[in-house]
2 protein chains.
Amino acid sequence: MTRRFGQVIRLRPEGEEEYIRLHREVWPGVKEMILECHLRNYSIYFKDSFLFAYFEYDGEDFDTDMKKMAAHEETQRWWGVVKPLMEPLETAGPDEFWANMEEIFHLH
Amino acid sequence: MTRRFGQVIRLRPEGEEEYIRLHREVWPGVKEMILECHLRNYSIYFKDSFLFAYFEYDGEDFDTDMKKMAAHEETQRWWGVVKPLMEPLETAGPDEFWANMEEIFHLH
């Protein structure tokens, strides 16, 4: 069964332009790993300093797939480039970078 | 061709509980009109005071469908209930209630 995710984070003011530029051409290996880890229909939106991400997961074991992604060398290098441009919310959980949001409505 | 939308707005502190409660059981006529106007895969997420909406549009004429929705009597009554619980961003456009966000990444 497909799971849906909504997540939020902020961009540092000095990082906005670079983050948006980088996302016009995300590294091919990073995109391949996203798909290999069963993330689908992945969008990131920007407004003011906020980023919202929406994606779906259609695999069998989300935690295992996320560990696989985190262990991928090219993805680690990508995160090394983009994470310094970003600023987690103060209310993000202790293990969160992007903060998960609560889905309060869905209509397929 | 399917279009995707990401939108953001805030809840007034005193309106959070009521808005979330109402969205557990959105009025059936309102949901029918959403689908009749070709909005698909519609999710609303909540975190801190922020609401983020993601939906897809698979009709032929978005503006005409949105006018149809806005002319629907039950939808108008629904908006009369939920809009006072919400607070548009100061940076929303002159014709916006929910503010449209810029899609900066998509991977299907």
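This report walks through a predicted model of two protein chains, from the overall form down to single residues.

Residues are numbered from 1 along each chain as its sequence is written, and chains are lettered from A and ligands numbered from 1 in the order in which they are written.

## Chain A as a whole

Chain A holds four helices and six strands; helices (H or I, at least four residues) and strands (E, at least two) are DSSP runs, numbered from the N terminus. Read from the N terminus on, their order is β-α-α-β-β-α-α-β-β-β. The C-alpha atoms fill a box of roughly 40 × 35 × 25 Å along the principal axes. For 108 residues, a compact globule would have a radius of gyration near 13 Å, and the 14 Å of chain A agrees with that. This radius is taken over C-alpha atoms, and the globule rule is 2.2 Å times the number of residues to the power 0.38.

Of the 108 residues of chain A, 47% are buried. Here buried means under 20% relative accessible area, exposed over 50%, and partly exposed in between (1.4 Å probe, protein chains only). A contact means heavy atoms within 4.5 Å. Among the contacts in chain A between residues at least 6 apart in sequence, 73% join residues at least 24 apart.

## Two helices with two sides

The arc in the table is that of the directions from the helix axis to the C-beta atoms.

| α3(A), residues 62–70 | Phe62(A), Asp65(A), Met69(A) | 65 degrees | Asp63(A), Lys67(A) |

An α-helix has 3.6 residues a turn, so residues three or four places apart point the same way. The buried residues of α3(A) are covered by elements of chain A including β1, α2 (28–36), β2, β3 and α4.

## How the two chains meet

Chain A can be laid on chain B with an RMSD of 0.0 Å by a turn of 180 degrees and a shift of 0.0 Å along the axis. The two copies are thus related as by a two-fold rotation axis. The same surface serves both copies, as 97% of the contact residues of chain A recur in chain B. The superposition is by least squares on the C-alpha atoms of residues with pLDDT of at least 70 in both.

Ser43(B) gives a close view of both chains. This residue lies in strand β2 (residues 39–47) of chain B and is buried, with a relative accessible area of 0%. Not counting residues up to four places away in sequence, its neighbours in contact include Arg4(A), Tyr54(A), Glu103(A) and Phe52(B). The side chains of Ser43(B) and His106(A) are joined by a polar contact of 2.7 Å. Such a contact is a pair of N or O atoms within 3.5 Å; within protein, one must be able to donate a hydrogen and the other to accept it, and residues adjacent in sequence count only if both atoms are side-chain atoms.

Methods:
This is a predicted model: local features need pLDDT of at least 70, side-chain atom pairs count only at pLDDT 80 or more; totals for chains, interfaces and linings use all residues. Side-chain values use heavy atoms; hydrogens and water are left out.
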